[in-house]
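Subject: Handover of the structure and notes on it

Hello,

I am passing this structure on to you, with the notes I have on it. Please look through it before reading on.

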Amino acid sequence: MSIRRRVGLAAAVASTAVTGAVLPTTAHADSGVLYVNSAAGANCSNTGTGTAAQPYCTIQAAADAAQPGQTVQIAPGRGYPEQVTITRSGLAGRPITFNGELVYNSATIPVGVRSWSAGAQPAPHGLVLVGVHDVTVTGLQVGGPQEGVLVQDSERIVLDRIDVTAGNPVYNGVRAYPDATPGIRITGSSAAVTVSRSIITGVGTAGVAVDRGVTGAVVTTNEVSGNPAEGVLVTDAPGTVVVSNTFAKNCGSDLSLAGNSSGATVENNIISKLPVFSCAGGFQSPFAPLTVSAGSTAGTKADYNNVVPAIGGSGYSWGGTTYTNSYEFKATGQGAHDYGFDPKLGTDSAVATSSAVPNLTPPAAHGVTDSADASAPGMLDTDAYGRPRVDHPKIANTGTGNGYVDRGAVELQETMAVSVWTAPYPTAGQPLKARISYSYTGGWAPAGAMLDFGDGGYPVRAPLGTASFDHDYPAPGLYTVTLTATSETGLTRTSTATVNIAATGALLVNPLVAQDDPNVARIKVTDQTSSPWPVTRYQVDFGDGTAPVVTNGSAPPNGLTHDYGVAGTYTVTETVTDDHGRTASKSVQRYVTGPQTGLPFTGYFAGPSSHLGLFDKGRWAVSTQKSSAKPGTVHQFGDPGDLPVVGAWDNACQCRLGIYRPSTGTFALQHANGTVSAVQFGEPGDLPAVGDWDHNGHDQLAIYRPSSSTLAVRHDDGSVTAMRFGDAGDIPVVGDWDGVRHAQFGLFRPGRNAGDPNLFILRHDDGSVSTATYGVKGDLPVVGDWLGKGRTTFGVFRPTTGLFTLSNAYAGQAEVSFSIYA
């Protein structure tokens, strides 16, 4: 069984014009339609009226009910394993039409039974028409163990677009019927029967048999191939018309007029024994492609055929005499326009057929193009595929009539082809872009192709070949891209594809603000912007009043650093603009650590060694270790302008906080019970110098007056002693230099010039004075027992870096440097 897909034949069946052939026609407008559908779920019934809602299940049921002018519309269904016997007739101009048109481009409609299992009884035929007239059958695939189609004693019958595969199946070595049979048999007193645009291949004997007594048969525009006997066998049937067919690989004569089949017309056929093929016994067919008996030559016209014999064989047998080729054949007075070109059947890759049917389309320029007799009887306006007759502009017109009809069943078509497809844009950051690609091959004549992107803009010209366009769409949406090519011959080819442009994502700004070193008030900003469009401008505002940093261009300012003057909470804002004018900002608030600012202080807060801290406008940050770290404890006590003092006010070893307010000469001291006492001692401009002056285990208040270099100590009994020591600009320091468990006085003398060393001047109990240089100008003094050795030593705090440096020489160990960071 063969299956052939056809395109665009529905309209062609209704409009095709022929000369000397009965045409298929559409149903009369008021005649109605009967529906047949055997598919599952079709709700079919053979007892109904064949409506679209409840169709017939079998074709036979519709055939038994059809009236003149009605159309029996046949759906693919599950196939129709039945012999359809048509017994009802139409009227002239109002035939009964059996139409399978609805299945084109999807599947053919099989009718009849071609094989059986044990015990099954096969239907001999697919389609039988006996004693009827004015019937058209179109668009079916038929077959059976005997003739696929049998037409007997009928007239004005049209068999159009019938795929026929008939045979004589074998079961357990026994044939179902004694004799092999042709695919289509026209017999009895039949008249005006037309077989058109059909495929007849691989049947039992001849493809089409026209028997004795038949008149006016027309066999036109068919593909007849691969049959074990003749392609078309006409026996004692005068006036038969065989035109515009393609014959190939038939083992008998491709076309045989036998007996008295005079007055026949044989024109415009391709009759070829090439390429080489095998028949029964493995031998190439010995028969002439065109055979006309002596009784059939009278009144018969054979011309405009392309006849190619088997290798070493004859092309013609005319009246019993064989002729090798068309040149010899012309001596008979026939075949004046015959050719013998190899038609190269099957070499046109642009024609798709099923694997069961050979490709019988010849390529151009092999003598069959634009060379047929268009005025021959039985000629159709369309070819076997329903396509129109077209003029090849590059081949001279050598035919009659319009001059450009091709020989054979297939009209060579212009093969201009277009294809368009779409893909996302390969580069990120372009959400409204798409890549549009196409392929365009030209046809016979110059053509122009235009590519329309479907967005309302002007189409662009698409040159021949394969190319791609990168296109910007104005907004998200679904667009249809269309490639249209039109040749100078009027041929148009169109291809479409859709492209979905997704909604554009938002411009998202998300700066990453990090601090690598907690000792340094420096941040690093890393851009993490997400944008569907290229970014053109970055701005980073660090939130400390400095000018923002602006970067123009697509490169983000990654690794951008900024130093703050002091630690604190800052708001960093990044503002980004893309190339479509969109702007977005995001602020990140971050506490930036750095060296704690303020005045240094020391005290015994816990453990045997001194702790250090920084006092800044009433904020006390106390370090619990002598390594760079955040303060262990933070307290709030005092106001801006106060000076820190630390001492054991409550007769305990643990120090308490206090402040000295130089503007009023007032001490304010915190106590263990939470109270605060205030003591007036000193004058504005004095500096605090508290210590254990009374040798009693707790600290007494003292001030140092720089203007007179005088130390004044307030003792527990209320008395005050004074001592002059030092010079102008000296800073008092108090500690236990000798390890005697009471306070001793000293001075810190800053270097005179930048970079000059500082001088510690320490006064001992015996009245002697020792000195040591440590640090440079700009440092502030700190004194304490850093290692818990029972005696006090010195160190410095450098405000510019927030770094403490402590001397451990008194214990024979290396100095340490660290910072207290906020």
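A residue is called buried when its relative accessible area is under 20%, exposed when it is over 50%, and partly exposed in between. Arg661 has a relative accessible area of 30%, so Arg661 is partly exposed. Please keep in mind throughout that this is a predicted model.

Arg661 and Thr666

Arg661 belongs to strand E48, which covers residues 656-661. Which residues does Arg661 touch, once its neighbours within four places in sequence are left aside? They are Asp639, Asp642 and Thr666. The chain also brings Gly641 into this picture: Gly641 and Arg661 are 20 residues apart along the chain, and their C-alpha atoms are separated by 7.0 Å.

Thr666, one of the contacts of Arg661, is in strand E49, residues 666-670. Is Thr666 buried or partly exposed? Its relative accessibility is 19%, and the limit for buried is under 20%, so Thr666 counts as buried. With neighbours within four places again left aside, Thr666 is in contact with Ile659, Tyr660 and Arg661, and also with Ala678, Val679 and Gln680.

Strands E47 and E48

Strand E48, the strand of Arg661, pairs with E47 in the antiparallel sense, over five bridges. In this pairing Pro644 stands opposite Ile659 of E48. Ile659 is also among the contacts of Thr666.

How many of the five residues of strand E47 (residues 643-647) are buried? The count is five of five, and the strand is mostly covered. Both of its faces are covered: Leu643, Val645 and Gly647 are buried on one side, and Pro644 and Val646 are buried on the other. Cys655 is buried as well, with a relative accessible area of 9%.

The four-stranded sheet

Another part of the model holds an open sheet of four strands, in the order E32-E31-E34-E35, with antiparallel pairing. Which strands are at the edges? They are strand E32 (460-461) and strand E35 (492-501), each of which pairs on one side only. Strand E34, residues 477-487, is joined to E35 by 10 bridges, and the two run antiparallel. Val481 stands opposite Ala497 in E35.

Asn558

Asn558 sits in the loop between strand E39 (549-552) and strand E40 (560-563). Its relative accessible area is 44%, so Asn558 is partly exposed. Apart from neighbours within four places in sequence, Asn558 is in contact with Val525, Thr526 and Asp527. For Asp527 there is a further detail: its backbone nitrogen lies 2.6 Å from a polar atom of the Asn558 side chain. The C-alpha atoms of Asn558 and Leu512 are separated by 9.6 Å, and these two residues are 46 residues apart along the chain.

Disulfides

How many disulfides are there? The count is two. With bonded cysteines counted along the chain, the pattern is 1-2, 3-4.

Cys44 and Cys57 are both in the loop between strand E1 (33-36) and helix H2 (59-65), 13 residues apart. The torsion about their S-S bond is about 95°, so this disulfide is right-handed. Cys44 has a relative accessibility of 28% and therefore counts as partly exposed.

The other disulfide joins Cys251 to Cys279, with an S to S distance of 2.0 Å. Cys251 is in the loop between strand E20 (246-248) and strand E21 (255-258), while Cys279 is in the loop between strand E23 (270-272) and strand E24 (290-292), so the pair ties together parts that are 28 residues apart in sequence. Here the torsion about the S-S bond of Cys251 and Cys279 is about -95°, so the disulfide is left-handed. Cys251 and Cys279 are both buried.

Regards

Conventions
Residues are numbered from 1 along each chain as its sequence is written. This is a predicted model: local features need pLDDT of at least 70, side-chain atom pairs count only at pLDDT 80 or more; totals for chains, interfaces and linings use all residues. Side-chain values use heavy atoms; hydrogens and water are left out. Buried means under 20% relative accessible area, exposed over 50%, partly exposed in between (1.4 Å probe, protein chains only). Contact means heavy atoms within 4.5 Å. A polar contact is a pair of N or O atoms within 3.5 Å; within protein, one must be able to donate a hydrogen and the other to accept it, and residues adjacent in sequence count only if both atoms are side-chain atoms. Two strands pair if DSSP finds at least two bridges between them. A disulfide is a pair of cysteine sulfur atoms within 2.5 Å.
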